[in-house]
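User: Could you walk me through this model, going from the whole chain down to single residues?
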Amino acid sequence: MPTPLIAGNWKMNGSLSLVETFGRALSDADLPPQLDVALMVPFPYLEAAARSLAGSRAAVGAQTLSDQASGAYTGEVSGEMLRELGASLVLVGHSERRTLFGEDDTAVLARVRRALEAGLRPLLCLGETLEERDAERSEGVVLGQLDAVLAGLDPVQRQQLVVAYEPVWAIGTGRTATPEQAQAMHAAIRRRLASHDEALAEAMPLLYGGSMKADNAADLLAQPDIDGGLIGGASLKIDDFLAICQSAG
Ligand code: PGA
């Protein structure tokens with residue numbers, strides 16, 4: 001059984017004072033013993049987050065990284081830089097990156113590889129659009145996104161991955177996948193992983209993301225193949241975030 005993971009994705013939100021608030025609250029919190037916690041903050045807050053979360057159980061992560069190691073790429077940030085600022089994880093392939101910034105499967109794989117080279121754990125996001133779900137193509141789309149990354153990694157690299165299933169139609173919409181819909185996709189992901197490597201399938205944390213909140217987290221997390229959550233909006237409110245962490249225990 002993978003250790004459950006609750007990861008907050010602040011997106012382009014938050015402030016230095018919110019970082020301090022989370023640092024204090026997470027350091028004081030009585031979290032379930034079997035739980036990993038992570039906070040994926042905007043680049044400029046990484047160092048402060050690493051400092052204020054140092055006394056807590058929460059790890060610090062970034063939300064994307066460059067597909068290059070270094071060089072003339074104005075505005076880009078490398079995995080090495082993230083690592084130097086205290087990040088241990090990084091989101092890759094979030095649907096906002098895929099749709100708003102044109103990151104296709106090739107770009108996602110390149111970033112996963114860079115993350116691994118830099119010693120960061122990639123948190124790979126997969127998900128179908130509403131159009132794809134209505135056309136009953138959800139599973140094909142999601143497993144295709146997964147295969148595109150697995151095919152480019154060796155068995156040891158694959159062990160570093162965390163996967164988050166985030167149906168695009170559930171992100172930021174308040175419309176959560178039902179526990180049954182989410183479980184069905186998680187089971188399909190787990191089966192696909194097992195077709196590569198049974199041990200990998202058993203050990204990899206599979207997170208659900210998409211309007212996960214304090215009041216629906218317990219039902220989602222009770223599903224056998226849902227090992228945690230990737231939380232957007234509700235990760236900006238400390239009480240909501242802590243309540244979700246409690247439901248994962
Ligand atoms: P949400 O976002 O919880 O606000 O739906 C989830 C995500 O985009 O990771």
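Analyst: Happy to! Accessible areas here come from the Shrake-Rupley method with a 1.4 Å probe. Please keep in mind that this is a predicted model. By that method, the accessible surface of the protein is about 10900 Å², and the share of it belonging to carbon and sulfur atoms is 50%.

User: How many helices and strands are there in the protein, and how compact is it for its length?
Analyst: The protein has 12 helices and eight strands. Its radius of gyration is 17 Å, close to the 18 Å that the globule rule gives for 249 residues, so the protein is as compact as a globular protein of that length. As for its extent, the C-alpha trace spans about 45 × 45 × 35 Å along the principal axes. To put the counts last, you have 12 helices and eight strands.

User: What percentage of the residues is buried, and what percentage of contacts between residues at least 6 apart joins residues at least 24 apart?
Analyst: A residue is called buried when its relative accessible area is under 20%. By that cut-off, buried residues make up 53% of the 249 in the protein. Among contacts between residues at least 6 apart in sequence, the share that joins residues at least 24 apart is 72%.

User: Let's turn to the largest pocket. Which helix gives the largest share of its lining?
Analyst: The largest pocket has a volume of about 430 Å³. Its lining counts 20 residues, with K11, Q63, T64, R97 and F101 nearest the centre. By class, the lining has nine nonpolar, six polar and five charged residues. The largest share, three residues, comes from helix α4 (residues 95-100).

User: Is A234 buried or exposed, and which residues does it touch beyond its sequence neighbours?
Analyst: A234 sits in the loop between β8 (228-231) and α12 (238-247). Its relative accessible area is 4%, below the 20% cut-off, so A234 is buried. Leaving aside neighbours within four places in sequence, the residues in contact with A234 are M212, K213, D240, F241 and I244.

User: How far apart in space are A234 and S211, C-alpha to C-alpha?
Analyst: S211 belongs to another loop, the one between β7 (206-209) and α11 (217-221). At 9% relative accessibility, S211 counts as buried. A234 and S211 are 23 residues apart in sequence, and their C-alpha distance is 7.9 Å.

User: What is the phi of S211, and which value does E136 have?
Analyst: Most residues other than glycine have a negative phi. E136, in the loop between α6 (130-134) and α7 (138-150), has a positive phi of about 55° although it is not a glycine. E136 is exposed, because its relative accessible area is 74%. For S211, also a residue other than glycine, phi is positive and near 55°.

User: Which residues does R190 contact beyond its neighbours in sequence?
Analyst: R190 is found in helix α9 (residues 179-196). Its relative accessibility is 13%, so this arginine counts as buried. Leaving aside neighbours within four places in sequence, R190 is in contact with P2, A201, M204, L206, P224, D225 and D227.

User: How far is A187 from L206 in space?
Analyst: A187 is found in helix α9. With a relative accessible area of 15%, A187 is buried. A187 and L206 are 19 residues apart in sequence, and C-alpha to C-alpha they are separated by 9.5 Å.

User: Is R83 buried, partly exposed or exposed, and which residues does it touch?
Analyst: R83 lies in helix α3 (residues 79-84). Its relative accessibility is 39%, between the 20% and 50% cut-offs, so R83 counts as partly exposed. The C-alpha atoms of R83 and T21, 62 residues apart along the chain, are separated by 23 Å. Not counting residues up to four places away in sequence, R83 touches S88, A118, G119 and L120.

Notes
Residues numbered from 1 in each chain as written. Predicted model: local features only at pLDDT ≥ 70, side-chain atom pairs only at ≥ 80, totals over all residues. Heavy atoms only, no water. 1 Å grid on protein atoms, 1.4 Å probe; cavity = no way out; pocket = protein on both sides within 12 Å on 5 of 7 lines; lining within 4 Å. Points joined across faces, edges and corners; volume = space filled by probe spheres on them. Helix = DSSP H or I, 4+ residues; strand = E, 2+ residues; numbered from the N terminus. Nonpolar A, V, L, I, M, F, W, Y, C, P; charged D, E, K, R; others polar. Buried < 20%, exposed > 50% of the residue type's maximum accessible area, 1.4 Å probe, protein only. Contact = heavy atoms within 4.5 Å. Rg over C-alpha atoms; globule rule 2.2 N^0.38 Å.
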